[in-house]
Amino acid sequence: MGVWRMAMLAIAKQMSKKPNKHVISAFLKLKNKTIRLFVPALAVVGWMGSPLPGMAVTASYANDYRVCAGRLLSVGVTPDAASVGCANALRPKELSLCVSRIQKQTQIAAADALASCNQARRPEDLATCVVGISANVKEAVNQAALNYCSRSLLPVRFAQCVVGLRAETDSAPVQAMDNCIDASDRAVSGYLPSFIPTTRSQQNIQPVFETTPIPTTNPPRN
C-alpha cells in the first residue's frame, strides 16, 4: 500500500514540475491499477461485515420455538420433552404459556400439563379452565380438573359452569364437573346441522325414464 502511494506522489510531483504525455500516461495507468486492486478488497470486507439472514433468525429472541423451549425448561420440563413438544405444536408460544400457567398456579406437574396442552385445540383456553376450577375448588382435584378440561370441547364455558354451580349450590366438585361436561357436549352438538344439505349438482339431477314402449309379442295362434 505504501509503495503505490509513494509512486503516485512521485509522479504527481513530476507532473507539477513539467507535465508531459509520458508522465500523464504513467499516472493514469497506475491509478487504474490501484482502483482494480482496492475495489474487490472493499467488496469482500463489506460482505463479511453484513449479517447473514440465517444468523439473524437464529440469534433472535422473537423465535417462537426458542421462546417455547426456554419457557418449558424454566418450569422443569426435560430438554427432550420440550424439544418434541415445541416442534409438534402449531402455536409453540401458546403451548408453553399453557404449561407454565398450570404448573405455577396449580399443583399439577409440568410434564402432565404438557401432555394435555399439546393435545388441546386452544391451549390458552385449557389453561384458563384448569386454573379457574382449581382456584375455586379447595379440595385436591387439580388432576381431575385437568382431565375434565381436556375432555371439554368448550373449556372456558365448562369452567364457568363448574364455578357458577358451586357458587350457588352445595354440589361436590366432581359432581359439578360431571354435570357440566355433559352440558358442554350438548351445547357443542346443538351447533351442528341436523340435516344433510343438498348441493346444487344434486338438485339438478333429474330422473330418467324410458319413454319408448317395449314391443309386445303376439301369442302364437292355434
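Colleague: Which pattern do the disulfides of the protein follow, with bonded cysteines counted along the chain?

Modeller: They go 1-2, 3-4, 5-6, 7-8. Before we dig in, a caveat: this is a predicted model, where local features need pLDDT of at least 70, side-chain atom pairs count only at pLDDT 80 or more, and totals for chains, interfaces and linings use all residues. Residues are numbered from 1 along each chain as its sequence is written, and side-chain values use heavy atoms, with hydrogens and water left out.

Colleague: Fine. How many disulfides does the structure hold?

Modeller: General idea: a disulfide is a covalent bond between the sulfur atoms of two cysteines. The cut-off here is a pair of cysteine sulfur atoms within 2.5 Å. The structure holds 4 of them.

Colleague: Take Cys68 and Cys86: which parts does the pair tie together?

Modeller: Their sulfur atoms sit 2.1 Å apart. Cys68 belongs to helix H4 (residues 64-74) and Cys86 to helix H5 (residues 79-88), so the link joins parts 18 residues apart in sequence. Helices here are DSSP runs of H or I, at least four residues, numbered from the N terminus.

Colleague: And what is the torsion about the S-S bond of Cys68 and Cys86?

Modeller: About -85 degrees, so that disulfide is left-handed. For Cys98 and Cys117 the torsion is about -70 degrees, so that one is left-handed. Cys98 is in helix H6 (residues 92-105) and Cys117 in helix H7 (residues 110-119), so parts 19 residues apart in sequence are tied together. The link of Cys129 and Cys149 is left-handed, at -75 degrees. It runs from helix H8 (residues 123-136) to helix H9 (residues 142-151), so it ties parts 20 residues apart in sequence.

Colleague: How many salt bridges does a search of the whole structure find?

Modeller: Side chains of opposite charge can pair when their charged atoms come close. We ask for a side-chain nitrogen of Lys or Arg within 4 Å of a carboxyl oxygen of Asp or Glu. The search finds 2. Glu94 meets Arg91 at 4.0 Å, N to O, and Arg122 meets Asp125 at 3.9 Å, N to O.

Colleague: Where does Arg122 fall, exposed or buried?

Modeller: Arg122 is exposed at 60%, while Asp125 is partly exposed at 24%.

Technical notes: Buried means under 20% relative accessible area, exposed over 50%, partly exposed in between (1.4 Å probe, protein chains only). Helices (H or I, at least four residues) and strands (E, at least two) are DSSP runs, numbered from the N terminus.
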